[in-house]
Amino acid sequence: MKVREYTTESQKEIETFLREEMTKVKQEEETENEQQLFLLDNEDTVQSMLDDIKQSIEEKISKRQQEITTEIDKAQQEVKNYFKDREYNRNRKNVFNVITLLEKFRRQIDDESDRIRNSDSYN
């Protein structure tokens with residue numbers, strides 16, 4: 001008798017569990033159906049939302065591309081300025097070397113002129 005009661009009790013529990021699960025599944029299906037109907041009924045609203053999201057993403061991409069382009073331009077200008085400064089300094093050194101060399105030549109010419117004058121005065 002006890003086995004039979006246990007079996008009947010277990011069977012009732014199983015039936016209750018199955019009914020609850022079936023109810024949950026039906027509710028989930030109804031919720032899903034309602035969501036699908038909502039989307040179908042509000043197709044324009046959903047499309048508008050999607051368009052807004054797309055536009056927002058495109059604006060963010062455009063803004064980021066602009067920032068990147070600005071940074072690249074800034075970096076290029078810095079490199080140009082660096083090489084321009086180096087060239088300017090190199091040219092200044094070259095001019096200084098030319099001036100120094102000219103002064104040396106002038107002294108040599110002056111020395112040679114003085115030597116020639118002195119030699120002429122002895123003759």
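A salt bridge here means a side-chain nitrogen of Lys or Arg within 4 Å of a carboxyl oxygen of Asp or Glu. Keep that in mind.

One caution before we start. This is a predicted model.

So, how many salt bridges does the rule give? The count comes to five.

Start in helix α1. That helix covers residues 2-41. Look for Glu 21 and Lys 24. Their side chains form a salt bridge, with N to O at 3.6 Å. That falls within the 4 Å cut-off, so the pair counts. How far apart are Glu 21 and Lys 24 in helix α1? They are three residues apart, which means about one helical turn between them. Now the surface. Glu 21 has a relative accessible area of 29%, so it is partly exposed. Lys 24 is partly exposed too, at 45%.

Next, helix α2. It takes in residues 43-122. Find Glu 112 and Arg 115. These two make a salt bridge, and their closest N and O atoms lie 2.2 Å apart. Both residues sit in helix α2, three residues apart, about one turn of the helix. Are they buried or exposed? Glu 112 has a relative accessible area of 35%, which makes it partly exposed. Arg 115 comes out at 48%, and that is partly exposed as well.

Asp 114 and Arg 117 form a salt bridge. The closest N and O atoms here are 3.3 Å apart. Again we have three residues of spacing in helix α2, so about one helical turn separates Asp 114 from Arg 117. Asp 114 is partly exposed, with a relative accessible area of 36%. What about Arg 117? Its relative accessible area is 56%, and Arg 117 is exposed. The cut-off explains the label, because exposed means over 50%.

Which residues gather in a patch of negative charge on the surface? They are Glu 28, Glu 29, Glu 30, Glu 32 and Glu 34. Take Glu 28 as our example. Glu 28 lies in helix α1. Its relative accessibility is 55%, so Glu 28 counts as exposed. Why can Glu 28 be part of a patch? Patch residues need over 30% relative accessible area and no salt bridge. At 55%, Glu 28 clears the area cut-off.

To recap. The salt bridge count is five. Among them are Glu 21 with Lys 24, Glu 112 with Arg 115, and Asp 114 with Arg 117. And the negative patch on the surface includes Glu 28.

Terms used
Residues are numbered from 1 along each chain as its sequence is written. This is a predicted model: local features need pLDDT of at least 70, side-chain atom pairs count only at pLDDT 80 or more; totals for chains, interfaces and linings use all residues. Side-chain values use heavy atoms; hydrogens and water are left out. Patches are made of residues with over 30% relative accessible area and no salt bridge: like charges are joined within 9 Å, nonpolar side chains (Val, Leu, Ile, Met, Phe, Trp, Tyr) within 5 Å. Accessible areas come from the Shrake-Rupley method with a 1.4 Å probe; for residues, only the protein chains shown count as cover. Lys and Arg count as positive and Asp and Glu as negative; His and the chain ends are not counted. The place of a charge is taken as NZ of Lys, CZ of Arg, CG of Asp or CD of Glu. Helices (H or I, at least four residues) and strands (E, at least two) are DSSP runs, numbered from the N terminus. Buried means under 20% relative accessible area, exposed over 50%, partly exposed in between (1.4 Å probe, protein chains only).
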